[in-house]
Amino acid sequence: MGKTWEQLEAIQPVVLKMFKNSIEKDRLAHAYLFEGMKGTGKREASMLLAKSRFCLKPLDGYVPCETCSNCKRINSGNHPDVHILEPDGHSIKKSQIQSLQEEFSKTGVESKRKLYVIVHADRMTVNAANSLLKFLEEPHSETTAVLITEQSQQMLPTILSRCQAISFKPLSPAEMIQQLKNNGVDPAQAPLLAQITNNLNEALQYSSDDWFVQAQKIVLKLYEVVKKNPLEAMVALQEDWFLHFKEKEQIDRGLDLLLLIFKDLLYIQLGKQDQVVHLNERNRLEQFALQSSTKRLTEQMTAVLEAKRKLQANMNPQLLMEQLVLKLQEGSSFV
Amino acid sequence: MKFIIQRDRLVQSVQDVMKAVTSRTTIPILTGIKIVASEEGVTLTGSDSDISIESFIPKEEDGDEIVEIKQAGAIVLQAKFFSEIVKKLPTDSVEISVENHLQTVIRSGKSEFNLNGLDAEEYPHLPQVEEENVFKIPTDLLKAMVRQTVFAVSTSETRPILTGVNWKVENGTLTCIATDSHRLALRKAQIETNASESYNVVIPGKSLSELSKILDDNNDLIDIVITENQVLFKAEHLLFFSRLLEGNYPDTSRLIPSDSKTDVVVNTKEFLQAIDRASLLAKEGRNNVVKLSTIDGGVIEISSNTPEIGKVVEEVQSKSVEGEELKISFSAKFMMDALKALEGSEITISFTGAMRPFIIKPLNDESILQLILPVRTY
């Protein structure tokens, strides 16, 4: 884990340029909000920022050396003045924020500098967010806060206004596909992987993962069943889907894949054949596309997105999928 | 690293440093004890990042060899397992050696443990002690000062600075002040120092309670060093570090009234017991309120009334009452805490009106002072 300054600069040049200038001019803000899609290197950037601040002899004044004891300890999570707060279970609780505040009411262990990182800051409970507010507002001189989120619109506006927002640009799909191909991924798979994740390592992992290959097949099969034989859809759910997609994360991935099918169908209908990601299944998809209308496809996509949202709200997975399948069939000839 | 050490000394040191180790920490390395072997002896360190305790085992003491150092070095071992292991080892001597790649072997008699260690480089660096800015104070005086102030710190985290005790060093005098904004405890003492530096720091109340637990009762001198972000207490072979609280302590000097309208002198024990009795009924009511009023002939009346339970009235003969008549209500708990912290058989209570804070002092002793805010009753 952990990328070096150069590696991260390759994917987030703007962000790192900003860090460089702020550090050189000693103008670091007291609180940053890192927003951007999954896999855009937000967490790595926060660690880099920590290392730049704490490194004993940074190269050129800002690049962490990665060899001094402070850099090493930040990498292994052992630095006493760098705190990383992650959701405890589903959300960040008020008590976590309180213990953080307690921690920061004291002086640093080794120096006056302190830094804290809140990962998934959007998952703070309302109480937690409100207790963080005052803390963000009155920072001690040498304290730096980094809030990391994938969904900045879900955070309190009062928190957003107290942080300097830094956007992490997602890697463009074309670039991602190219990189995947360079890493020896099957060219037919690359576009799909690029859509699923923005993180190169994660994509590479998926490309060699049996579970993922199987998942693709099951999702495609589910779509076909819904299309051709609606009565059997529920059975297919029980037989294949629930056996394969057990964890919440996995179901989320499954829904992503399902969404991509509808996206492809839409692209085919709109004549943007080059955007299609299911290259292997193209002929079959073209057939399906003929049998559907644009309006229906958008409705179906809405249903999948709705299901994704409900999944995050802890809906029972079985009921969720059954409801989704019924919705996908809506408007078809029977039921 | 390789050394052979007497087991009882190791057990004692491990027990001392274990007081600083907690299992609930976000920093993985702090679940361990750091062991450093050098030419002079063995140093053990435990920390929860708030407080750190360092215990030193010298190579020799009174001509007896305690540790035999074969090779210097450092390692961090899981505190939970290491402390249990050393407690239960079969023989009086223990050999600890680090083999290749942090693998640590603990041998005693015929038993042998292999423990996976952690890299000692990862352990937090404690501040280096500078010997010049030291001041000294006897252990029992230090413990008394902690006991007499630390009870008054705030337990609420809304104003974190008040969860600590304010230590001021000026002109050879150490002043400790603790307040939770309803009461205040102040204690002064002379210290031995050769530096003319003055300090003003706030030490977390929890750290001070821990400190007084770990110190023995004797009147050996303790060295105290205050650095930028930590305070260090140094006893023989034992170093206690604590972080400080960040921020400025409120100015308390103006809170303490200089003149008084009513002065009461009472016997501490009698008064304490009377308050204690009155609080029996007051406990059920809000704020633990008891009422004090002066009546003729130097008698003071202590009463408490909770309509749904009952009431209590008690008269205490005071040594002297001077000044205006007075009726005042206050928290019995605060009063008892304050009285327990005071030394001396007789105390002076100086009131400046029913709505103003009052101060309690031992008779003829200026070094300690307790201040309590009254409770408004109608």
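Guide: In the hairpin of E13(B) and E14(B), Asn171(B) takes a positive phi near 50°, and 2 residues lie between the strands. This is a predicted model, in which local features need pLDDT of at least 70, side-chain atom pairs count only at pLDDT 80 or more, and totals for chains, interfaces and linings use all residues. Residues are numbered from 1 along each chain as its sequence is written, while chains are lettered from A and ligands numbered from 1 in the order in which they are written.

Visitor: How many bridges join E13(B) to E14(B)?

Guide: 5 bridges join strand E13 (residues 164-170) of chain B to E14(B), and the two run antiparallel. Strands (E, at least two residues) and helices (H or I, at least four) are DSSP runs numbered from the N terminus, and two strands pair if DSSP finds at least two bridges between them. Asn166(B) has Ile177(B) in E14(B) as its bridge partner.

Visitor: And which residue in E15(B) stands opposite Cys176(B)?

Guide: That residue is Arg187(B). E14(B) is joined to strand E15 (residues 183-190) of chain B by 7 bridges, again antiparallel. Their hairpin has 3 residues between the strands, and Ser181(B) there takes a positive phi near 75°.

Visitor: Why is E14(B) largely enclosed by the rest of the structure?

Guide: Strand E14 (residues 173-179) of chain B is largely enclosed because 5 of its 7 residues are buried. A residue is buried if 20 or more other C-beta atoms, placed from the backbone, lie within 10 Å of its own, exposed if 12 or fewer, and partly exposed in between.

Visitor: Changing topic: is Lys311(B) buried or exposed?

Guide: Lys311(B), in strand E24 (residues 310-317) of chain B, is exposed, with 12 other C-beta atoms within 10 Å.

Visitor: What does Lys311(B) touch, leaving out residues up to four places away in sequence?

Guide: Lys311(B) touches Leu281(B), Ser303(B), Ser304(B) and Asn305(B), where contact requires C-beta atoms, placed from the backbone, within 7 Å. Its C-alpha is also 8.5 Å from that of Ala278(B), 33 residues apart in sequence.

Visitor: Lastly, in what order do the 9 strands of the open sheet run?

Guide: The order in chain B is E8-E2-E3-E4-E20-E19-E18-E12-E16, with antiparallel pairing. Strands E8 (73-78) and E16 (192-193) of chain B stand at the edges, each with a single partner strand, so one side of each is left without a neighbour in the sheet. Within the sheet, 7 bridges join E3 (residues 41-47) to E4 (residues 51-58) of chain B, and Leu44(B) has Ser55(B) in E4(B) as its bridge partner.

Definitions and conventions: Two residues are in contact if their C-beta atoms, placed from the backbone, lie within 7 Å.
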